[in-house]
Amino acid sequence: MLQTEALNIMKAGRNIYLTGAAGSGKTYVLNQYVKHLKERGVVVAVTASTGIAATHLGGMTIHSWSGIGIKDDLSEYDIELLVQKEHLWKRYDKTKVLVIDEISMIHPRMFDALNRLAQSMKGSSKPFGGMQVVLSGDFFQLPPIVRNGGETGYVDSSTAWNEMDVRVCYLEEQYRQDDVSLRRILDEIRDGEVSDATIEKFEEMLKEKNELKKIPTRLYTHNMDVDSVNDKELDKLHGDVEEYEMNTRGKANLVAGLCKSILAPETLRLKKDAIVMFVKNNFEAGYVNGTLGKVVSFEENMPVVKTHDGKKIYVTSEKWEVEDDGKVLAYAEQLPLRLAWAITVHKSQGMSLDAAHMDLSKSFVPGQGYVALSRVRNLEGLTLLGLNSTALAVDPYVLELNKRLLKESKKWAKVIERFSEKDFNKMHDEFVLLVGGTNDPKEIKKNKETEKKGFVAKIPTHEKTLAILREGKSLKEAAKARAMTFGTIISHLEKIKDGTYDIDLEPYMPDVKDIKVISKAFKAEEDLKLSPVHKKLKGKYTFDQLRLARVFID
């Protein structure tokens, strides 16, 4: 099925299971649908089974949103207690569409519990209380994890799934892998028939000791191997270790869940030349979740990372938040980095890696090999360190399920051929009105502008500082107004000076005598790094004073 066909079915208000191979554009389609709903004023809850997946959609985990928390199941008493929570009841009451990404990670018992909770909250016996439910995922990814062991299964065997009248939309286009041979290998694994040619290819790769052009990340199946590799590699580097502690606030259970769902470590240990990975999306700063690089220096004790394409990024802390109706209930603040000589296959789900070394010799769950191999875009970005038979295995149930899903998707693709574009537009408009939205072009335009304003609010942080300086505020006043350090405001001043902004910076220039002394010290060095100058001037000036002076040194 094509993306446009899946969107047509979604917009008609049907319950959907959106699936397809890694890189087929599932997240893109979900984001397009969420955008469509928001522009029409329809309240949509965007959730995922994992924190990593939730970040790709700008949402929160289904555990947090639903109120189910860390539980795998709910008793009737549990549901009664949750229904009495006013903030939860209001959340469900206004939500018309529920999106759950990475649904394959949710076991059937929990899915049924989510359904029963939604029915109680909405006061309706319809599946999920009558909300449209859009599920997304791929059963070839890693299976659900059940706490304390116990039997599990896949979500399609739940009572709720079978009552929802789910339309299967199986995307068959490919947008991640640009290597035909890798695509063929992944398709073979999905078909459960890995060819002799593929086995021979893997055996050749195991013998090869190719050095990748790009900085590689090693993928392992066990945390123990990952920690061991990262610690050993860090210890090999010369120089002092810089440590960064995570700062958290909020209820203990929310904070614990948040820390578990994000990839940033509670204690981050770095050295110069450490291989790192960014673990958050920040398009303005120039990185996304999965961007690889190397720590090339430290400026005022903060790392500077050079990515594989040569971009230098001055890293500052980021926040991960648990929100409810615009209110922050808990947050974690840390540098958006982790050591990345190695990561687990499990943690790599949802990432696109530029290059990877993979050791799949200890694979213990069907699907681990598929998840790992589908992280890279082509075989040139891959070296294989180890492989066992389990790595290429797929759960027989998933193979049979996949055939049924493909058949279902083709059936629905055939059904929608009967409808014209005019028919679909009519269905889309009717659903929007049914769930309290608007089709009024003026209102849609107004909502779009509101969304844009929200985006504009995320303009580069130095431009927010610029707006305050244009009011005639001092640097200290700007720091206070933005709740930032004086040093951060100076870093904004550096960017403002390098830009084409209409503002006179002379009022912020230090004393001329100080400028001369500091300028002479800088010119005696090969570059404009602060540490050598601070040492040369025997600490007479603080780092902030030096940095401010550097802004005005030509």
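Predicted model: local features only at pLDDT ≥ 70, side-chain atom pairs only at ≥ 80, totals over all residues.
How much space lies in the largest cavity?

Six strands make up an open sheet with parallel pairing, and their order is β3-β2-β4-β5-β1-β6. At the edges are β3, residues 60–61, and β6, residues 167–171, each of which pairs on one side only. Within the sheet, strand β2, residues 44–48, runs parallel to strand β4, residues 97–101, and five bridges join the two.

Two helices deserve mention here. Helix α2, spanning residues 26–39, packs on the sheet and touches β1 (16–20), β2, β4, β5 (132–136) and β6. The direction of α2 makes about 165° with that of β4. Helix α15, residues 396–415, lies across β1 and β6, and its course is at about 100° to β6.

Rolling a probe the size of a water molecule over the atoms shows where empty space is left. Across the whole structure, a search finds five cavities of 30 Å³ or more. To answer the opening question, the largest cavity holds about 50 Å³ of space. Eleven residues line this cavity, and the closest to its centre are F139, F140, Q141, P366 and G367. Sorted by class, the lining of the largest cavity comprises eight nonpolar, two polar and one charged residues.

Thank you for your attention.

Terms used: Residues numbered from 1 in each chain as written. Heavy atoms only, no water. Pairing = 2+ DSSP bridges. Helix = DSSP H or I, 4+ residues; strand = E, 2+ residues; numbered from the N terminus. Contact = heavy atoms within 4.5 Å. Axes fitted to C-alpha atoms, helices over the stretch in contact; angles between N-to-C directions. 1 Å grid on protein atoms, 1.4 Å probe; cavity = no way out; pocket = protein on both sides within 12 Å on 5 of 7 lines; lining within 4 Å. Points joined across faces, edges and corners; volume = space filled by probe spheres on them. Nonpolar A, V, L, I, M, F, W, Y, C, P; charged D, E, K, R; others polar.
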